[in-house]
Amino acid sequence: MVKPRDSEAEQALEAEDIALEAFIHALKLRHGYDFSEYSRASLKRRAQELARKLGVERVGDLIPSTLYEPALVREIVSHLSVPVSSLFRDPEVFQAMRSEVLPMLASWPRINIWLAGCAYGEEVYSLAIMLAEAGLTQRSQIYATDFNDYALERAAEGIFNRQNLGEYRSNYLASGGTARLSDYYHARYNLIRMRRELLEKVVFAHHNLVTDGVFAEAQLIMCRNVLIYFTQPLKDRVLTLFADSLVRGGFLVLGNKEALSPSSPAAERFELVSANERIYRLKRDWA
């Protein structure tokens, strides 16, 4: 029996899917960036947006640029890594951390915090402000990591658009902020720059959750709205990496669209602290 010929639309979709796989493979072979275990739906959407931004028609047209125009790789990786956040984004999470996590962190003489997937740094500064208001800055060390070097540079600059100040202030107050947000930035023209002293205990570093191992022994790991872009096997590996990186009794904070699935190999190592805010704690009695 002869298989019916696919419609032109179906053939075009199949070709685009094949082109996406070729693009991912070229990026990995040529430059070492591995997106092979990212969710295909979101990756395809971002690759198509990137193609339009670069003025080409199809995802397959990105392959020559990937192979032969190394100056574009930085922009390609930056676009694919989705560095989107906000100061005190999801303020209820920071409020829960103030009440449920910080008092426990205060019991340690030294507090190592790993902020994985720090993007443009909004969460770095949010966390630094929260630690300052809890009087924990001098005992803390924040390791802010990302595989996107451009995002790391932007995060270290701490410069954000002034037009978002209304949202930032609202988030800060809703998170339980005890001062004025304006105490933590300088405003000029259409920009704000976070105060340099907030970075006193912050180290920015390149780290790739897909390929790299344990980064630091931490009392707290924050990785919000990153795992949603991973396939389930990669999520499981990263969650195991986080469990291996935490001290006993250490905390893990995930994004509000993420959860520690009972089927994950790391699930039995954690206990739930706050379901709505996706806060977990590594069991103290884990052998």
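A residue counts as buried when its relative accessible area is under 20%. Cys118 has 3% relative accessibility, so Cys118 is buried. The model is a predicted one, and every value here is computed from it.

Cys118 takes part in no disulfide. The nearest cysteine sulfur to Cys118 belongs to Cys223 and is 11 Å away. Across the whole structure, the search returns zero disulfides.

Now step back to the overall fold. The protein has nine helices and ten strands. Its C-alpha atoms fill a box of roughly 70 × 55 × 30 Å along the principal axes. The radius of gyration is 21 Å. For 287 residues, a compact globule would come near 19 Å, so the two values agree. Buried residues account for 50% of the 287. Take the contacts with a separation of 6 or more: 76% of them join residues 24 or more positions apart. The accessible surface is about 13,900 Å². Carbon and sulfur atoms supply 51% of that surface.

Next, the aromatic rings. A pair of rings is described by the distance of the centres and the angle of the planes. Ring centres must lie within 6.5 Å to count as a pair. By this rule there are twelve aromatic pairs. One of them joins Tyr172 and Tyr184. Their ring centres are 6.4 Å apart and their planes stand at 70°. An angle over 60 degrees counts as edge-to-face, so this pair is edge-to-face. Tyr172 sits in helix H8, residues 165-174. Tyr184 sits in the loop between H8 and strand E4, residues 185-188. The pair therefore ties together parts that are twelve residues apart in sequence. Tyr172 is buried, at a relative accessible area of 1%. Tyr184 is buried as well, at 13%.

Other rings group elsewhere. Ring pairs link Tyr33, Phe35, Tyr38, Phe147 and Phe230 into a cluster. Tyr120 has a charged neighbour instead: Arg154 lies over the face of its ring, at 4.1 Å from the ring centre.

Phe88 lies in the loop between helix H4 (73-80) and helix H5 (91-105). Its relative accessibility is 0%, so this loop residue is buried. The C-alpha atom of Phe88 is 39 Å from that of Ile18, and the two residues are 70 apart along the chain.

Finish at Phe242, which returns us to a cysteine. Phe242 belongs to helix H9, residues 232-245. Phe242 is buried, with 0% relative accessibility. Cys223 is one of the residues that Phe242 touches. Trp114, Ala116, Leu209, Ile221 and Leu252 are also on that list, again not counting residues up to four places away in sequence. Glu217 is 25 residues from Phe242 along the chain, and their C-alpha atoms are separated by 9.5 Å.

Technical notes: Residues numbered from 1 in each chain as written. Predicted model: local features only at pLDDT ≥ 70, side-chain atom pairs only at ≥ 80, totals over all residues. Heavy atoms only, no water. Phe/Tyr/Trp six-rings, centres within 6.5 Å; stacked < 30°, edge-to-face > 60°. Helix = DSSP H or I, 4+ residues; strand = E, 2+ residues; numbered from the N terminus. Buried < 20%, exposed > 50% of the residue type's maximum accessible area, 1.4 Å probe, protein only. Lys NZ or Arg CZ within 6 Å of the ring centre and 35° of its normal. Rg over C-alpha atoms; globule rule 2.2 N^0.38 Å. Contact = heavy atoms within 4.5 Å. Areas by Shrake-Rupley, 256 points an atom, 1.4 Å probe, with all protein chains shown as cover. Disulfide = S-S within 2.5 Å.
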